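Some words used for protein structures rest on simple rules.

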Amino acid sequence: MKLTTLTKPLLVASFLGLSAIAHAADPNAEVVQGEVKNVLADQGKVTLKHGLIKSMKMPPMTMNYKVKDPAMLKDLQKGDHVEFQLDSDMVIEDIHKK
(Lines give C-alpha, C1' and ligand atoms only; values in the text may rest on other atoms or scores of the structure.)
Protein backbone atom coordinates (compact mmCIF):
# COMPACT_ATOMS: atom_id res chain seq x y z
CA MET A 1 0.00 0.00 0.00
CA LYS A 2 1.42 3.36 -1.02
CA LEU A 3 0.99 6.22 1.46
CA THR A 4 0.26 9.68 0.18
CA THR A 5 1.85 12.83 1.55
CA LEU A 6 -1.33 13.59 3.51
CA THR A 7 -1.80 10.05 4.83
CA LYS A 8 1.58 9.77 6.58
CA PRO A 9 1.02 12.71 8.99
CA LEU A 10 -2.49 11.44 9.77
CA LEU A 11 -1.15 8.00 10.63
CA VAL A 12 1.53 9.48 12.87
CA ALA A 13 -1.00 11.73 14.62
CA SER A 14 -3.34 8.78 15.14
CA PHE A 15 -0.56 6.67 16.63
CA LEU A 16 0.51 9.44 18.99
CA GLY A 17 -3.06 9.98 20.11
CA LEU A 18 -3.56 6.29 20.86
CA SER A 19 -0.23 6.18 22.66
CA ALA A 20 -1.28 9.06 24.92
CA ILE A 21 -4.55 7.32 25.71
CA ALA A 22 -2.73 4.10 26.58
CA HIS A 23 -0.60 5.95 29.18
CA ALA A 24 -3.39 7.97 30.74
CA ALA A 25 -4.10 7.41 34.42
CA ASP A 26 -7.23 5.62 35.59
CA PRO A 27 -9.88 8.34 35.88
CA ASN A 28 -11.29 6.54 38.94
CA ALA A 29 -7.96 6.42 40.80
CA GLU A 30 -7.64 8.53 43.93
CA VAL A 31 -5.73 11.80 43.52
CA VAL A 32 -3.19 12.22 46.32
CA GLN A 33 -1.46 15.43 47.45
CA GLY A 34 2.25 15.27 48.16
CA GLU A 35 5.58 17.03 48.33
CA VAL A 36 8.68 15.93 46.43
CA LYS A 37 11.49 15.14 48.86
CA ASN A 38 13.89 13.64 46.31
CA VAL A 39 14.00 12.71 42.63
CA LEU A 40 15.84 9.47 41.82
CA ALA A 41 15.67 9.77 38.04
CA ASP A 42 18.34 7.12 37.42
CA GLN A 43 16.16 4.63 39.33
CA GLY A 44 12.82 5.81 37.92
CA LYS A 45 11.66 6.73 41.43
CA VAL A 46 10.56 9.76 43.41
CA THR A 47 10.47 10.23 47.18
CA LEU A 48 7.16 11.77 48.25
CA LYS A 49 5.78 12.98 51.57
CA HIS A 50 2.04 12.49 51.24
CA GLY A 51 -1.19 12.51 53.16
CA LEU A 52 -3.62 9.69 53.76
CA ILE A 53 -4.31 7.44 50.76
CA LYS A 54 -7.80 6.24 51.60
CA SER A 55 -8.15 3.75 48.74
CA MET A 56 -5.02 1.87 49.89
CA LYS A 57 -5.55 2.42 53.62
CA MET A 58 -2.13 4.07 53.87
CA PRO A 59 -1.47 6.65 56.56
CA PRO A 60 0.50 9.82 55.80
CA MET A 61 4.18 8.99 55.27
CA THR A 62 7.30 9.63 53.24
CA MET A 63 8.46 6.90 50.88
CA ASN A 64 9.94 6.12 47.47
CA TYR A 65 7.58 5.36 44.61
CA LYS A 66 8.43 3.92 41.22
CA VAL A 67 6.97 5.81 38.26
CA LYS A 68 5.38 4.16 35.24
CA ASP A 69 7.38 6.38 32.87
CA PRO A 70 10.70 7.92 34.02
CA ALA A 71 10.02 10.91 31.71
CA MET A 72 7.44 12.03 34.30
CA LEU A 73 10.33 12.97 36.59
CA LYS A 74 12.12 15.40 34.28
CA ASP A 75 10.38 18.57 35.54
CA LEU A 76 10.12 17.61 39.21
CA GLN A 77 12.38 19.09 41.88
CA LYS A 78 12.75 18.76 45.62
CA GLY A 79 10.10 20.91 47.32
CA ASP A 80 7.54 20.76 44.49
CA HIS A 81 3.94 20.24 45.60
CA VAL A 82 2.32 17.59 43.44
CA GLU A 83 -0.80 15.56 42.83
CA PHE A 84 -0.33 11.92 41.88
CA GLN A 85 -2.21 8.70 41.23
CA LEU A 86 -1.08 5.17 41.98
CA ASP A 87 -2.01 1.97 40.22
CA SER A 88 -2.86 -1.21 42.13
CA ASP A 89 0.87 -2.11 42.32
CA MET A 90 1.62 1.26 43.99
CA VAL A 91 3.40 2.57 40.89
CA ILE A 92 2.79 6.22 40.05
CA GLU A 93 0.84 6.37 36.81
CA ASP A 94 0.33 10.14 36.83
CA ILE A 95 2.08 12.99 38.64
CA HIS A 96 2.03 16.72 38.07
CA LYS A 97 2.88 19.92 39.93
CA LYS A 98 0.06 21.75 41.67
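Predicted model: local features only at pLDDT ≥ 70, side-chain atom pairs only at ≥ 80, totals over all residues.

Q: What makes Tyr65 and Phe84 an aromatic pair?
A: Rings of this kind pair if their centres lie within 6.5 Å, and the rings of Tyr65 and Phe84 are 5.9 Å apart, centre to centre, so the two residues meet the rule and are called an aromatic pair.

Q: Why is the pair of Tyr65 and Phe84 called tilted?
A: The angle between the two planes is 45 degrees; planes under 30 degrees apart would count as stacked and planes over 60 as edge-to-face, with the rest called tilted, and therefore the pair of Tyr65 and Phe84 is tilted.

Q: Which parts of the protein chain does this pair tie together?
A: Tyr65 belongs to strand β3, residues 61–66, while Phe84 belongs to strand β4, residues 81–86, so the pair links parts that lie 19 residues apart in sequence.

Q: How do you know whether Tyr65 is buried or exposed?
A: Buried means a relative accessible area under 20%, and because the value for Tyr65 is 1%, Tyr65 is buried.

Q: What makes Phe84 count as buried?
A: The relative accessibility of Phe84 is 0%, which is under the cut-off of 20%, so Phe84 also counts as buried.

Q: Why is Met90 called partly exposed?
A: Met90 has a relative accessibility of 29%, and because this value lies between the limits of 20% and 50%, Met90 counts as partly exposed. Met90 sits in the loop between β4 and β5, the latter covering residues 92–97, and phi of Met90 is near 65 degrees, again a positive value in a residue other than glycine.

Q: What order do the elements of the protein chain follow, and how many are there of each kind?
A: The protein chain has 1 helix and 5 strands, and from the N terminus on they run α-β-β-β-β-β.

Q: How many residues does the protein chain have, and what share of them counts as buried?
A: The protein chain has 98 residues, and 27% of them count as buried.

Note on methods:
Residues numbered from 1 in each chain as written. Heavy atoms only, no water. Helix = DSSP H or I, 4+ residues; strand = E, 2+ residues; numbered from the N terminus. Buried < 20%, exposed > 50% of the residue type's maximum accessible area, 1.4 Å probe, protein only. Phe/Tyr/Trp six-rings, centres within 6.5 Å; stacked < 30°, edge-to-face > 60°.
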